[in-house]
Amino acid sequence: MKRQSRASQLRGIRQHFYRQVVEKQDDQPLRVLAYSLVPSPRTRPDEDWGTLQAEADQLGYAIAARLHDVAVPVTTTYFPASSASQGVYTPPWDRPGWREAERLLREGLADGVIVLDRHNISSDDDEYHAVIKHLGEHCRAFLHLVISEEPVAPT
């Protein structure tokens with residue numbers, strides 16, 4: 001139950017920053033950066049790009065740039081209090097593609113970032129939360145997930 005409520009909280013924060021961006025938007029489509037975290041240097045993000053483009057088209061977003069990084073395990077770090085259960089990877093702010101995304105956002109060249117799911121950012125709740133807040137507060141941008149943090153209950 002705690003995990004589900006944290007997912008709701010994270011989704012709420014993400015939606016809050018989305019609303020802030022939309023309120024300031026004129027009639028132009030929102031510009032987003034498509035971002036993907038691939039599992040190895042031999043993996044291409046082409047399938048991710050297709051999914052992200054379809055989602056952007058459906059929502060009326062314009063993709064300003066496509067960026068990706070390779071998931072690099074951090075084997076020398078152990079976080080006993082971490083909620084990450086699928087391994088610890090390089091934090092987003094230490095990835096070259098993500099740093100470029102932040103630069104483009106700070107320069108006003110995009111309004112947000114679109115990713116498949118939160119694990120492209122971080123599996124750790126605290127780290128993911130920090131990224132959402134940083135995007136909203138320092139970059140004046142939002143994060144859009146194709147697959148939300150919390151599954152929608154069946155109707």
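Residues are classed as buried under 20% relative accessible area, as exposed over 50%, and as partly exposed in between (1.4 Å probe, protein chains only). By this criterion, 41% of the 155 residues of the protein are buried. The structure is a predicted model, in which local features need pLDDT of at least 70 and side-chain atom pairs count only at pLDDT 80 or more, while totals for chains, interfaces and linings use all residues. Residues are numbered from 1 along each chain as its sequence is written, and side-chain values use heavy atoms, with hydrogens and water left out.

The secondary structure comprises four helices and four strands, where helices (H or I, at least four residues) and strands (E, at least two) are DSSP runs numbered from the N terminus. The elements follow the order α-β-α-β-α-β-α-β from the N terminus.

Eight salt bridges are present in the structure, each defined as a side-chain nitrogen of Lys or Arg within 4 Å of a carboxyl oxygen of Asp or Glu. One of them joins Arg14 to Glu149, with the closest N and O atoms 2.7 Å apart. This pair connects distant parts of the chain, Arg14 lying in helix α1 and Glu149 in the segment after β4 (142-145), 135 residues apart. Arg14 and Glu149 are both buried. Asp125 and Arg118 also form a salt bridge (2.7 Å, N to O); Asp125 is buried at 7% relative accessibility, and Arg118 is buried at 6%.

Within helix α3 (residues 96-106), Glu102 and Arg106 are four residues apart, about one helical turn, and their side chains form a salt bridge at 3.9 Å, N to O. Glu102 is buried, with a relative accessible area of 10%.
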